[in-house]
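This report describes a protein fold, from its overall make-up to a few single residues. The sequence and structure come next.

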Amino acid sequence: MRASKPALLRRVGLNASSRLQYLTRPKPLFRPNTISTRSISTSATAPAAIVAENPTKQTPPPPTAFTYGAYQKVGGPNAKSVYRIRIPKFESLEAERAFRKLHHAAALRWLGYQGYNNEGAGGHVTVRDPIMPDHFWINPHGKSFSHMRPEDLVLVSKDGEVKEGGNMHSINPAGYIIHAAVHEARPDVVAAVHCHSVPSKAFSAIGCKLEPINQDACRFYNDHGIYSGFGGIAFKADEGKHIAQALGNTKGVILQNHGHLTVAKTVDGAAFLFGAMDRCIQAQLLADAACAGRGTKTVKVGHEEASYTRNTYNDEMVYIMFQSAFEDVIKASHGELPMHVQGEIPRE
Ligand SMILES: [Zn+2]
């Protein structure tokens, strides 16, 4: 028969005060080993820094469960391999659909945590379906972003019909109008994010674009549009088409008198760009206000440097940039959302 915990503590020599301290100690929030549903290959040599910290372990686990593959290029030909984050590939379109829905739900949770679910039933995130590319998944009307699960997402045809296979729930009609037009105009786009943030509501009333006033703002240098013809809440198809035209081939659009919208080839990338654009908007508002008080103008990054910086934010990079937020969401779900889906293929 197993001894009780207090009895075990007596046996190992702890006095009453120490036993009380042990039994009432703060519990860790997360148990990372219980989060991942898939073991990661440890065939690659572990990063040197980790080996140094754990000299008794021959094959320490990878630093995080979402990294894939060995990366040999850092530090010259004799450098130890390190793990890196890649967009995974998939054994089947069904696996890719499950991946997109998991990351869709996680992106919505993150947007909720950031306070972007502040307009009641407003705000929408869509992800193109890999099996039926003229269909997309969207969050159900009125459900909190912060509690979204893959099974809550609604499957919609390009004509606005809610289809079986997803959650049979109503959707935001303006969300359908805007996102259907974007997905139709941009076959390369997998995901689109649009919410109403306070900075964006203020900035969009000014009628200007983001300027390259810092490194992060360069992500959007000559790579976002402005839609200046607000036509009322988007219940008419023409409003969606006009927004898609203003977006053009860029990664985001300022919707004048409305807010902003971002797109990417992953929902992770679209969510990262949405938050990044919002923070750049806040920075420009602050800098312009300060300059107005001083009677000066902001200093801009040069064309060549801004273009070079923008070009580093490719599809893979914007996906990578969201993965710390994805990890936060997965661990905060306490096992409700898994780190991986079945059928993800690690990439070297
Ligand atoms: Zn809106």
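## Basis of the model

This is a predicted model, in which local features need pLDDT of at least 70 and side-chain atom pairs count only at pLDDT 80 or more, while totals for chains, interfaces and linings use all residues. Residues are numbered from 1 along each chain as its sequence is written.

## Overall make-up

The protein has 10 helices and 12 strands. Helices (H or I, at least four residues) and strands (E, at least two) are DSSP runs, numbered from the N terminus.

Of its 348 residues, 36% count as buried. A residue is buried if 20 or more other C-beta atoms lie within 10 Å of its own, exposed if 12 or fewer, and partly exposed in between, with C-beta atoms placed from the backbone. Two residues are in contact if their C-beta atoms, again placed from the backbone, lie within 7 Å. Among contacts in the protein with a separation of 6 or more, 66% are between residues 24 or more positions apart.

## The sheet

Eight strands form an open sheet with mixed pairing, in the order β7-β6-β5-β4-β8-β11-β10-β9. Strands β7 (162-163) and β9 (225-227) stand at the edges with a single partner strand each, so one side of each is left without a neighbour in the sheet. Two strands count as paired if DSSP finds at least two bridges between them.

Strand β4 (residues 124-128) has antiparallel pairings with two strands. It is joined to β8 (residues 191-195) by 4 bridges, with Val125 opposite Val193. To β5 (residues 136-138) there are 3 bridges, and here Thr126 stands opposite Ile138.

## Burial of strand β4

How many of the 5 residues of β4 are buried? The count is 5 of the 5, so this strand is largely enclosed by the rest of the structure. In a regular strand the side chains alternate between the two faces of the sheet. In β4 both faces are covered: His124, Thr126 and Arg128 are buried on one side, and Val125 and Val127 on the other.

Helix α4 (residues 93-113) lies across β4, β5 and β8 and runs at about 165 degrees to β4. Helix α5 (residues 173-185) packs on the sheet as well, touching β4, β5, β6 (154-156), β8 and β11 (259-264), and its direction makes about 35 degrees with that of β4. Axes are lines fitted to C-alpha atoms, for helices over the stretch in contact, and angles run from 0 to 180 degrees between N-to-C directions.

## Nonpolar core

The largest nonpolar core holds 74 residues, and those with the most contacts inside it are Ala106, Ala191, Ala270 and Ala271. Such a core is a set of buried Ala, Val, Leu, Ile, Met, Phe, Trp, Tyr and Cys residues joined through C-beta atoms within 7 Å. Helix α8 (residues 267-294) gives the most to this core, with 10 residues.

Apart from neighbours within four places in sequence, Ala271 is in contact with Ala107, Trp110, Leu111, Val193 and Phe322.

## Helix contacts with α10

The axes of α4 and α10 (residues 315-332) come within 9 Å and cross at roughly 90 degrees. The two helices are therefore roughly perpendicular to each other, a term for angles of 65 to 115 degrees; under 35 counts as roughly parallel, over 145 as roughly antiparallel and the rest as oblique. In this contact His103, Ala106, Arg109 and Trp110 of α4 meet Ala325, Phe326, Val329 and Ile330 of α10. These residues divide into 6 nonpolar, 1 polar and 1 charged. Here Ala, Val, Leu, Ile, Met, Phe, Trp, Tyr, Cys and Pro count as nonpolar, Asp, Glu, Lys and Arg as charged, and the others, Gly among them, as polar.

The axes of α8 and α10 come within 7 Å and cross at roughly 80 degrees, which makes α8 roughly perpendicular to α10. Residues of α8 in this contact include Asp268, Ala271 and Phe272, and those of α10 include Asp315, Phe322 and Phe326. The contact divides into 8 nonpolar, 2 polar and 2 charged residues.

## Loop asparagines

Asn222 lies in the loop between α6 (198-203) and β9, and Asn257 in the loop between β10 and β11. Although not a glycine, Asn222 has a positive phi of about 50 degrees. The phi of Asn257 is also positive, near 60 degrees. Most residues other than glycine have a negative phi.

Asn314 is in the loop between α9 (303-311) and α10. With 12 C-beta neighbours inside 10 Å, Asn314 counts as exposed. Asn314 and Lys265 are 49 residues apart in sequence, and their C-alpha atoms are 9.7 Å apart in space.
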